[in-house]
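Please find below some comments on the model under review.

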Amino acid sequence: MKMIKNNWKNYLFEFLSIFIGVSLAFAMSNWGENRREAQAESKILIEIKNGLQLDLSDVEQNIKGHKKGIETCHHFRQLIETPNANQDSAALQYFYLFRDFISIQNKSGYESLKSKGLGLIKNDSLRLEIISLYDFYYEIIEKLEEDYDEMQFNKNYYLEINNLLVEYMIFDEKGDLIKINHPKNLTTKEKKKLLSYLWRIEGNRKYVLRYYKLMKGKLNHLIKTIDKNT
């Protein structure tokens, strides 16, 4: 009887030893896996953040460019309306009037995340914020700048405006544009046509600027959220 009890104790001890060993091994494996996932998540978030900071710089440049385009519309209105309008930097003003922009997006971090699985980001709100920025807001700004016909200023307006103003352009001996004289011989219809082009260019630049302002806020907010989660 005593031997049976001793055997039972031995069996129980062995069972508990095996159970504890297996449980510890399983726990250590889970801990190691969670640690690796946390490290992978942190690495990808840092990569995404670095890309966002580069994107933010591009957004700032495009904002400045569109604002300069709006200033140029004002410059050409003065040229049309005022005989003695200032004509310094005429070539640069003419360049900015028709300048188009592209949206440069650094998506390598987001592509890495998608390849590993979006579920790698444990914070649900952070994951949703990342997805909405890259798959929604970035898509819209790209389409506005590169696909939306209204925003293709060079294609839509250069030839028309150039044909109306070419008679008043002054070039130096190198062939560089140095001045555009007041277009005094324009008909009323031609003058209104020019003004309508400037109005439309300015309106479209203001429209895309409103979207850039929204996207800039999204970028800054996501950068701050990533900082809190890394």
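1. In this predicted model, Glu-60 is partly exposed, with a relative accessible area of 27%. The side chain of Glu-60 forms a salt bridge with that of Lys-216, at 2.9 Å from N to O. This pair links distant parts of the chain, Glu-60 being in helix α1 (residues 2–81) and Lys-216 in helix α6, 156 residues apart. Lys-216 is likewise partly exposed, at 27%.

2. A salt bridge also joins Glu-81 and Lys-191, whose closest N and O atoms are 3.2 Å apart. Because Glu-81 lies in helix α1 and Lys-191 in helix α6, the pair ties together parts that are 110 residues apart in sequence. Glu-81 is partly exposed, with a relative accessible area of 44%, and Lys-191 is partly exposed at 28%.

3. The model has eleven salt bridges by the rule applied. Among them is the pair of Lys-107 and Glu-139, at 3.9 Å from N to O.

4. Helix α2 (residues 90–98) and helix α6 (residues 188–228) have axes that come within 10 Å and cross at roughly 65°. Tyr-96, Leu-97 and Phe-98 of α2 meet Leu-198, Ile-201 and Arg-205 of α6 in this contact. Of the residues involved, five are nonpolar, one is charged and none is polar.

5. Is Asn-204 buried or exposed? Asn-204, which is placed in helix α6, has a relative accessible area of 9% and is therefore buried, the cut-off being under 20%. Its side chain makes a polar contact of 2.9 Å with that of Glu-150. Leaving aside neighbours within four places in sequence, Asn-204 is in contact with Glu-150, Met-151, Phe-153 and Tyr-157.

Note on methods
Residues numbered from 1 in each chain as written. Predicted model: local features only at pLDDT ≥ 70, side-chain atom pairs only at ≥ 80, totals over all residues. Heavy atoms only, no water. Axes fitted to C-alpha atoms, helices over the stretch in contact; angles between N-to-C directions. Helix = DSSP H or I, 4+ residues; strand = E, 2+ residues; numbered from the N terminus. Contact = heavy atoms within 4.5 Å. Nonpolar A, V, L, I, M, F, W, Y, C, P; charged D, E, K, R; others polar. Buried < 20%, exposed > 50% of the residue type's maximum accessible area, 1.4 Å probe, protein only. Polar contact = N/O pair within 3.5 Å; in protein donor to acceptor, adjacent residues only side chain to side chain. Salt bridge = Lys/Arg side-chain N within 4 Å of Asp/Glu carboxyl O.
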